[in-house]
Amino acid sequence: MERGGRNAASFRLRRADEMTYARLIEPLGLVYGNIAQEAIKQGDALPLCGGPVAFTFVRLIEGYQTVGLMPVQKLPQDWAPELERITRSVPPVGLPTGAQIMGILNITPDSFSDGGELASIDQAVLKAHEMVRSGATVLDIGGESTRPGSATVTPEEEWKRIGPVLAALKAELPNVAISVDTRNSYVMQQALAAGAHIINDVTALVYDEAALPLLAAQDCGVVLMHMRGTPQTMAQHAVYEDVSIDVVRELAQRIEIAVKGGIARHRIMIDPGFGFAKNFEQNKELLRHILLLANLGCRVVFGVSRKRMIGNLTGETTPHLRDAGTQAASFPAMALGGVILRVHDVKGMMQAVNVWRAIFQN
């Protein structure tokens, strides 16, 4: 199949695949710090994604029905496999443990928030140094805008934009993890050869059929993001029975396909894809139930930075003035073990994370 030949249906559940994740557990009643540790010792709570946050209640979901809302002590024994998925620690994927910040470096002329700001290699490297000083442990470089309705670029043009920046970052910041945001196998191959550590594919390896076998032969981290359709068509595919449940199950399907294709499970991270084939109300619902992602047992890349949903919630129409809203929207994801917060404003997000840690991890 030619690049881009797949459609939205390839990311939707097939009934035979759904059964593996027919049962989901939503952790509720969170407790933190020393209280969490004491509650775990007393048997009143269980660690979420290995801790340090713990949960005292659960919502049990079978199909699309809630079959139980109960304290953890009363969880039926036959739900033990699902419980094990949400309590075990997530693989670190070669990154430091705990919440980390991924700084966004868009080397594009048309990204929604910062398109054209990093027009030269020097500007991009200067911005990267600033992000690392502010606390970023990962830098995510993108050469193709994926905002709604954005124009496609050739893989060659995409690599022409990001290749020189990647080379400069490897020379000047050799100890910083580099992620490359691309859906094209050509760019993936070039980026990995140049020293990238992570491939971040907004299509979860759907767009380019050569991507999966290429990455199976590598040892890099792989981010699978939830999206239906393409940036040009995704709005018409925002139809769900239950958006938070469907996103988890569709990502589970993509994880299984990646694993069967040769990508080790411990290399995989997932991104729920806020704003991609999801309208405003669906984005809110997904955020309300973000802890359902714990069922996948993967590190989560969480990206709401400056997005339209933040503007809708706050009334702020200027993207670069949405950083405070971004920080507030990111707090629910902090309970997930080792969340990767993908943001434009690293300094502000680092300050927010430090406050959260001081209050909730002690």
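1. Polar contacts across the domain interface. In this predicted model, 8 residue pairs, both at pLDDT 80 or more, are in polar contact across the interface of domain 1 and domain 2. A polar contact is a pair of N or O atoms within 3.5 Å; within protein, one must be able to donate a hydrogen and the other to accept it, and residues adjacent in sequence count only if both atoms are side-chain atoms. Salt bridges between domain 1 and domain 2 number 0 (side-chain nitrogen of Lys or Arg within 4 Å of a carboxyl oxygen of Asp or Glu).

2. The domains. Domain 1 spans 16–87 and domain 2 spans 100–361; the bounds come from an automatic or database domain assignment. Their C-alpha centres are 27 Å apart. In contact are 23 residues of domain 1 and 23 residues of domain 2 (heavy atoms within 4.5 Å).

3. Buried area. Domain 1 and domain 2 bury about 2,000 Å² between them, and carbon and sulfur atoms give 63% of that. Buried area is the accessible area (1.4 Å probe) lost when two parts are put together, summed over both. Tyr21, Leu24 and Tyr64 supply 32% of what domain 1 buries against domain 2, more than any other three residues.

4. The second largest pocket. It holds about 240 Å³ of space. Of its 19 lining residues, Gly51, Thr97, Gly98, Gly337 and Gly338 lie nearest its centre. Domain 1 and domain 2 each give at least three residues to this lining. By class, the lining has 11 nonpolar, 7 polar and 1 charged residues; Gly counts as polar here. A pocket is an open set of points on a 1 Å grid over the protein atoms alone, with protein on both sides within 12 Å along at least five of seven lines; lining residues have an atom within 4 Å of a point.

5. Cavities. The whole structure has 2 cavities of 30 Å³ or more (grid points where a 1.4 Å probe fits but cannot get out).

6. Basis. Residues are numbered from 1 along each chain as its sequence is written. Local features need pLDDT of at least 70, side-chain atom pairs count only at pLDDT 80 or more, and totals for chains, interfaces and linings use all residues, while side-chain values use heavy atoms, with hydrogens and water left out.

Terms used: Grid points are joined across faces, edges and corners, and a volume is the space filled by probe spheres set on the points.
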